[in-house]
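Biologist: I would like to learn how to read salt bridges, helix packing and a chain interface from a set of coordinates. Can we take them in turn?

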There are 2 protein chains.
Amino acid sequence: MSHTVEILSVGTELLLGNIANTDAQMLSQGLSELGLNVFWHTVVGDNPQRAREAVALAKSRADIIITTGGLGPTCDDLTKNVLAEAFGKRLVFDEGSAQRIRSYFARINRTMTDNNLQQAMLPEGCTILVNDWGTAPGCAFEADGVHVIMLPGPPSECRPMFQYRARPYLLSLSEGVIASHTVKLFGIGESTMEAQLRDQMNTMSNPTLAPYAKEGECELRVTAKAATDEEAQTLLQPTVTQVKKLFGDKVYGVDVPSLEYVIIQALRDRGLTLGTAESCTGGLMAKRLTDVPGASAAFKGGIVSYTNEVKEQVLRVPEHLLTQFGAVSKEVAAAMAEGARRTLGCDIALSSTGVAGPDRDEDGNEVGTMFVAIATRDGTHVRALRLGTRPMRERLRTQTASHAFDLARRYLSGLDYGE
Amino acid sequence: MSHTVEILSVGTELLLGNIANTDAQMLSQGLSELGLNVFWHTVVGDNPQRAREAVALAKSRADIIITTGGLGPTCDDLTKNVLAEAFGKRLVFDEGSAQRIRSYFARINRTMTDNNLQQAMLPEGCTILVNDWGTAPGCAFEADGVHVIMLPGPPSECRPMFQYRARPYLLSLSEGVIASHTVKLFGIGESTMEAQLRDQMNTMSNPTLAPYAKEGECELRVTAKAATDEEAQTLLQPTVTQVKKLFGDKVYGVDVPSLEYVIIQALRDRGLTLGTAESCTGGLMAKRLTDVPGASAAFKGGIVSYTNEVKEQVLRVPEHLLTQFGAVSKEVAAAMAEGARRTLGCDIALSSTGVAGPDRDEDGNEVGTMFVAIATRDGTHVRALRLGTRPMRERLRTQTASHAFDLARRYLSGLDYGE
């Protein structure tokens with residue numbers, strides 16, 4: 001029998017729209033990969049009666065219930081009480097969990113208030129899912145033919161708790177596997193990509209091919225179901241190869257986390273160093289590069305030159321370029337990259353300058369006018385961008401940083417710089 | 001009577017985790033602002049039987065049902081069929097909608113396939129919600145004492161369709177308003193905050209007080225319901241005042257978007273400039289500061305000194321400090337802030353140095369060991385942090401940047417620097 005799963009999220013903040021239910025998304029992805037069928041997502045607030053009704057319904061229709069949220073120390077955290085009641089279990093005090101909570105507070109040098117020990121009350125006979133990423137432990141039990149798994153709500157805890165605690169528990173329950181590969185692309189729109197694949201997608205059933213767009217990037221997920229991972233991989237490979245061939249140098253990797261990850265790896269492999277000079281992206285390029293663990297082996301540093309003064313004095317951009325062409329120009333983008341390469345003493349430097357909005361700049365450049373540049377020992381190249389006036393500031397900045405990264409990726413792969 | 005709302009999203013892509021349910025978040029925010037109570041979010045896949053059951057349940061418990069998704073031309077788009085059936089309505093062909101679909105395809109120069117005209121089949125007697133942002137029209141009707149509103153799933157259509165089509169329809173149904181204020185705190189844990197408020201929270205009904213924690217910050221949302229906004233404000237004010245008094249200088253603002261926003265405003269008000277020198281935060285401080293529109297009036301720039309070489313050569317951190325105390329030390333944090341103040345020519349400079357993980361640094365400093373510093377004309381101050389080894393890299397970096405911002409906030413407000 002194939003298992004059916006309901007994800008039940010408890011939290012008024014979800015119903016007020018303060019946050020999106022990213023836990024449900026993350027869990028759904030992970031559960032699908034295990035070959036488990038997620039049939040329902042349900043969200044209720046911190047209301048005991050509606051939570052009870054939701055649990056009763058989930059118990060009647062799903063054979064795995066995964067809850068998120070409502071495990072913390074505050075009085076509106078009611079998940080454990082309601083689940084224990086629905087399955088006729090008492091909550092009992094777990095000294096091991098209490099110890100971990102006390103030492104967590106000792107480690108962060110904070111006084112622990114008594115309400116924190118509520119988190120050590122757990123359903124009798126459950127498997128405790130130790131929380132190494134926060135204070136509230138999770139738990140799992142089987143009762144009345146249903147598996148119940150409770151996970152904390154904060155995404156920074158829910159994600160690792162699923163990965164390292166719930167997943168191993170669930171692995172033993174799943175039959176067959178779903179395997180997938182994700183082909184990552186930059187420099188092509190989702191609809192263009194989709195148009196080239198549409199006929200094929202419609203005729204495929206195993207593997208399947210699904211396009212996604214995010215933040216100016218695209219990805220294609222190829223997914224196959226089979227009895228074993230090996231069989232699934234055999235189904236996947238021809239499609240992955242074909243897609244890579246079809247999109248050529250727009251593909252920057254398969255199953256890689258990000259463009260910046262690919263760059264850091266390529267730099268490390270080749271023993272090269274990178275630096276940045278940022279105006280409109282304001283530190284985002286450096287931030288994204290240093291999101292990659294181990295970035296320090298390749299990324300030397302960056303200059304955020306948000307004013308002309310810093311462009312001149314730190315990056316040594318000649319004053320006449322700023323006067324003649326303005327800060328948002330291909331000449332200044334090139335001089336910034338060259339300046340960063342000199343100042344930071346790195347092999348490759350990337351720069352950005354442009355108008356992220358909300359308003360035009362003082363030279364009358366429209367929002368979305370951007371220049372990114374790369375300086376290397378082989379010379380300097382500038383890419384001019386018109387990203388349009390519609391996207392929000394955050395998105396314009398992200399896309400601009402990605403275009404600069406694309407220049408670095410192309411240089412490091414020996415490709416031409418493209419348009 | 002106060003209306004209760006269920007948001008019912010139809011789409012297998014949500015259950016596979018391909019996308020997060022951001023429609024539900026956006027709608028929840030908008031509905032709360034209208035004084036409507038969202039009590040349930042439900043997601044089901046493109047499965048007629050489970051969709052029917054979900055609609056029957058929603059009909060039995062909510063008096064407003066808002067659906068998202070399942071209105072498009074592909075064969076798995078079943079929302080209209082299921083809703084029409086549940087409320088005993090036929091679907092009828094609407095020539096006006098068909099015209100709009102045909103001209104949409106003419107405009108984008110694509111051939112229209114016949115399945116697109118399915119989108120012009122609408123429940124008899126409904127109010128058609130014209131879709132100016134895509135092809136599938138939405139619709140609204142009242143039947144069996146329940147209001148039903150169907151909106152398209154793509155967020156770029158769902159958002160304007162709610163704003164310009166559903167919202168006006170709903171405005172006539174809502175009674176009274178819900179108003180809220182959010183008190184933002186830094187430097188206090190959620191459980192400590194909640195312990196000080198618990199007795200009070202339990203006795204309050206209007207206004208209510210709800211704590212939230214995110215990324216090392218806390219907020220308290222005070223919410224009141226009343227017939228008019230003015231009455232709601234009168235209910236809110238005493239609680240806001242009391243909470244501000246209770247938490248003193250841990251409160252950094254009310255209804256402000258972020259700590260960085262507060263700093264940029266304070267700098268602009270006082271005509272002062274800011275710069276940054278970042279090691280462990282790797283550009284995140286600059287990135288967050290430049291997320292604030294208008295930051296350029298106060299933020300001059302930053303140096304990301306990810307290597308000792310850049311600390312020495314760009315920030316002029318004396319080599320003997322790096323040798324004697326190591327890069328992760330209060331001495332180097334201070335020298336970085338002072339160096340940034342000099343190099344960038346700004347009034348106030350912030351710095352960060354520490355170990356964001358995943359591993360200890362070469363000097364044996366544990367993950368989570370962080371120093372942030374502020375340099376001003378009145379001197380330099382360093383705050384040492386032990387953020388624990390457990391949080392993820394991203395979270396450690398965010399918290400460290402926030403601590404640096406807290407120093408700037410305190411300096412600009414004439415407060416002491418705290419612990």
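Modeller: Start with the charged pairs. This is a predicted model, and the structure holds 38 salt bridges over all chains.

Biologist: Which residue does R165(A) meet in a salt bridge?

Modeller: The side chain of R165(A) meets that of D132(A), at 2.9 Å from N to O. The two ends lie in distant parts of the chain, 33 residues apart. R165(A) belongs to helix α6 of chain A, whereas D132(A) sits in the loop between β6 (127-129) and β7 (138-143) of chain A.

Biologist: Now helix packing. Which quantities describe two packed helices?

Modeller: The angle between the axes and the distance between the axes. In chain A, take helix α2 (residues 22-33) and helix α6 (residues 155-171): their axes are 10 Å apart and the packing angle is about 25°.

Biologist: Why are α2(A) and α6(A) described as roughly parallel?

Modeller: Angles under 35 degrees count as roughly parallel. The angle here is about 25°, and therefore α2(A) and α6(A) are roughly parallel to each other. As for handedness, α2(A) passes α6(A) in a right-handed crossing.

Biologist: Which residues make the contact between α2(A) and α6(A)?

Modeller: From α2(A), T22(A), D23(A), M26(A), L27(A), G30(A) and L31(A); from α6(A), P155(A), C158(A), R159(A), F162(A) and L170(A). By class, the contact of α2(A) with α6(A) has seven nonpolar, two polar and two charged residues.

Biologist: And at what angle do helix α2 and helix α6 of chain B cross?

Modeller: At roughly 25°, for residues 22-33 and residues 155-171 of chain B, with the axes coming within 10 Å. That angle makes α2(B) roughly parallel to α6(B). The crossing of α2(B) past α6(B) is right-handed. On the α2(B) side the contact includes M26(B), L27(B) and L31(B), and on the α6(B) side it includes C158(B) and F162(B). Its residues divide into seven nonpolar, two polar and two charged.

Biologist: Last, the interface. How much area is buried between chain A and chain B?

Modeller: About 6300 Å², with carbon and sulfur atoms giving 53% of it. Chain A puts 72 residues into the contact and chain B puts in 71.

Biologist: How many salt bridges are counted between chain A and chain B?

Modeller: Six. E394(B) and K287(A) also form a salt bridge through their side chains, with an N to O distance of 3.5 Å. A salt bridge is counted here within 4 Å, so the E394(B) and K287(A) pair, at 3.5 Å, qualifies.

How values were computed: Residues numbered from 1 in each chain as written. Chains lettered and ligands numbered in written order. Predicted model: local features only at pLDDT ≥ 70, side-chain atom pairs only at ≥ 80, totals over all residues. Heavy atoms only, no water. Axes fitted to C-alpha atoms, helices over the stretch in contact; angles between N-to-C directions. Helix = DSSP H or I, 4+ residues; strand = E, 2+ residues; numbered from the N terminus. Parallel < 35°, antiparallel > 145°, perpendicular 65-115°, else oblique. Left-handed = near helix turned anticlockwise from the far one by under 90°. Contact = heavy atoms within 4.5 Å. Nonpolar A, V, L, I, M, F, W, Y, C, P; charged D, E, K, R; others polar. Buried area = accessible area lost by both parts, 1.4 Å probe.
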